[in-house]
Amino acid sequence: MSFLERIRRNTWLVLFFISISLLFFVLDPNILMKFFTKNSTIIGKVNGENIFLKEYFDRFQFLKQFRENDPDHYLKNDAWKLLVNEKVLNQQAKKLGIQSTKEDFWKAIEKQSIYSKIIDFQNEKGKMNMDKFRLYLKNLEKIPSNLTPQIEVEKNIWDYERKSIPKKILSKKYVEMLMYGLNTSFIEALLNYRDKNSFSIIDYIFIPYSEIKKEYNIIKNHEIYDFIKKNKFLYKKENLRNLSFVFFRSHPSLDDEKNMNFKIKKLFNQFKFSNHNSIIVSNQSEKPFDSNFYLKKNLPIVLQYFVENNNQVGKMFGPVKDNNTYIMAKLSGKKMVYNSVLCSHILISHKEAIRFFNNRTKKKAKKIAKMIYNLLVKNPKQFNSLIEKSDDVINAKKNKGNLGWIQYEEQNEIFKGKRSFDFFSLKNKKGTIGFTETKFGYHIIRIDEIKDIQPAYQFSIIIKTLTPSKKTEDLLYQKVVQFMKENQNSSLNTFINNARKKRYETLFLKEIKNHQWNIHDLNTELDKEIINWSYEKNRKEGNIKIFQTFNKDYIMVFLSKIQKKGYPIEEIKNHIIPFLIDKKINRYLSNVIKSKHINLEKIADLFSKKINRSYKINFYQSMIDNYKEPKVVGSAFSSKLYETSKPILGERGVFFIRPLKRFNTYKKPSYFSSEIESLNAKLRKNILEKIGDVLIEKSNIKDYRKS
């Protein structure tokens, strides 16, 4: 069909199509049944709604095409998170009666779908041409799926987008609806502005908590229990696990490095004297052979220096070792090229080409273009008179077909496609006529000017990574098992201390929640698996388990504490005691200062403290001596002027204040639009960051991926 060839030219889409077709193979029920139970297609639930294996893998493969450098475990976690978020938002949207219409669907196709990014479906202004896309779908539906593999994968990708877009629409509408309600009022902006511009002058005395009598720092157990009894709802215990970790890193041994050095030396000599550069690179290197020629300035820095003194074909660079990566390169080609070429063209397009729309078939376009080309080869002077035949109408009228100066390094960007005419070859003199095909159609090219001859270089590069041998891996595993045996029944402290004596890397006491995705400071592909293990029903305190990462490191996990839901009185003492101490201090100070007429000077004498005079504070910042003291600042703006306050228990100690003056620096309210915009942006950002977490936390989510 007409669109197939053009879509295949989009490399990332081809990869995506292939991955989707592989996915349909992997998900074949006959294959799945060999490995899984009858319920294996369900890998999780969100509030009772199933998450299916197919949609999970669809999302994973989709992410993989756009984030090729990310490890699979990150992509799998992100695919899971996206599905959970999408289902939670969709469920909320449906509860509110939010729906998506056909009009919404086609608008989303036009602006949000994968097809909207394909240049083949865009018009001259870069916007999606929906008529052209609908024609593509119409033709796609007519063709049987089993006709060619390409037809099948294109049908699969359309099926994926068709099913996922309505879900995206519901999520977007729900979030937008919430955002409409999140607006800062004029009054809020006014108050915020007033806070920023409100100031007070105070005298104050500061007494650090460390100087208050020590007996008031002693809280008895019965006081704590009495308080908890009255405030049970404040201290309900979370479901938590405490984990510690020992890491056994997989590194190549000295023998591994010695063997690798021998192999690299042997490969270097073989490479140096071989004429089959591309074959050796393809067989030996971790990166594919690159046949392109590059100007010196476009080479890596080290190769730029290399060609300054070694510019003969066959010269070798390296081998060099960077960490565990070996690199060697061979100058396998060199040619002189024009760095800049000024040229003009006549374009003959067809209905499969992009940006130019007519009913001409590709075969007919090629025939017309070849006819014009053959005519101009015999008589180049007719080029200007034939410009009017060009389908690049605007360029033909404005510039007479002139494409401007094209730089050597720009050629792949400007003329992507089946280029057969080498613009920059020294064989092409001024006036040369060439013929080439691109995704825009067929071009008849005329070289108008040439300048700046420079050398271009081709390097054959071999990259190899030193990895641990099987012997080294086996020795590491033995070391891990031995340490496990020696510490099977150890306490946490003994476990960690023994690891540190052997100079193993450790991570001590991480508090883990069941709904976490990652473990802070660990961040491996195993994080969720480790969390799930720690929450299994048969887990006991002191359990140890070994996990192996994708890069063959071992992680030994020690489960030191299991905290189930309840009221952890011992653990919440640290939160209650400061509050009870504050109450005692307040009573003590109130008893000391019984007089209603006591002033700041008498308090200063009583506690042998200096009065800080005429100190300026701001309501918005709430700072005193570079520390946040909101209680103190709030009192300064609410107390009567010239009256000494009661003791104020601040963040760092006790304050007594005497407000002297209050003033503001208000201006006319013409600035409020920017104040409102600023507050709106802050409000929406905060809500958007929290809404997903809140909805997920309140949801019943089950993850069956491990099993």
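Trainee: At what angle do H11 and H12 pack, and how far apart are their axes?

Mentor: Keep in mind that this is a predicted model. Here H11 and H12 pack at an angle of about 155 degrees. Their axes are 10 Å apart.

Trainee: Is that arrangement roughly parallel or roughly antiparallel?

Mentor: Check the angle against the cut-off. Angles over 145 degrees count as roughly antiparallel. Therefore H11 is roughly antiparallel to H12.

Trainee: Which residues make the contact?

Mentor: H11 supplies Leu267, Gln270 and Phe271. From H12 come Asn277, Ile280, Val281 and Gln284. By class, the contact of H11 with H12 has 4 nonpolar residues, 3 polar and no charged.

Trainee: Which residues of H12 are buried?

Mentor: H12 spans residues 277-284, and its buried residues are Asn277, Ile280 and Val281. They cover an arc of only 100 degrees around the axis, so they sit on the same side of H12.

Trainee: What covers those buried residues of H12?

Mentor: The cover includes helix H11 (254-272). Strands S7 (325-348) and S10 (441-465) are also part of it.

Trainee: Now another helix. Where does Asn374 lie?

Mentor: Asn374 belongs to helix H14, residues 362-378.

Trainee: How should I read a relative accessible area of 42% for Asn374?

Mentor: Compare it with two limits. Buried means under 20%, and exposed means over 50%. At 42%, Asn374 is therefore partly exposed.

Trainee: How far apart are Asn374 and Phe435, in sequence and in space?

Mentor: Read both separations. Along the sequence, Asn374 and Phe435 are 61 residues apart. In space, their C-alpha atoms are 9.6 Å apart.

Key
Residues are numbered from 1 along each chain as its sequence is written. This is a predicted model: local features need pLDDT of at least 70, side-chain atom pairs count only at pLDDT 80 or more; totals for chains, interfaces and linings use all residues. Side-chain values use heavy atoms; hydrogens and water are left out. Helices (H or I, at least four residues) and strands (E, at least two) are DSSP runs, numbered from the N terminus. Buried means under 20% relative accessible area, exposed over 50%, partly exposed in between (1.4 Å probe, protein chains only). The arc is that of the directions from the helix axis to the C-beta atoms. Contact means heavy atoms within 4.5 Å. Axes are lines fitted to C-alpha atoms, for helices over the stretch in contact, and angles run from 0 to 180 degrees between N-to-C directions. Angles under 35 degrees count as roughly parallel, over 145 as roughly antiparallel, 65 to 115 as roughly perpendicular and the rest as oblique. Ala, Val, Leu, Ile, Met, Phe, Trp, Tyr, Cys and Pro count as nonpolar, Asp, Glu, Lys and Arg as charged, and the others, Gly among them, as polar.
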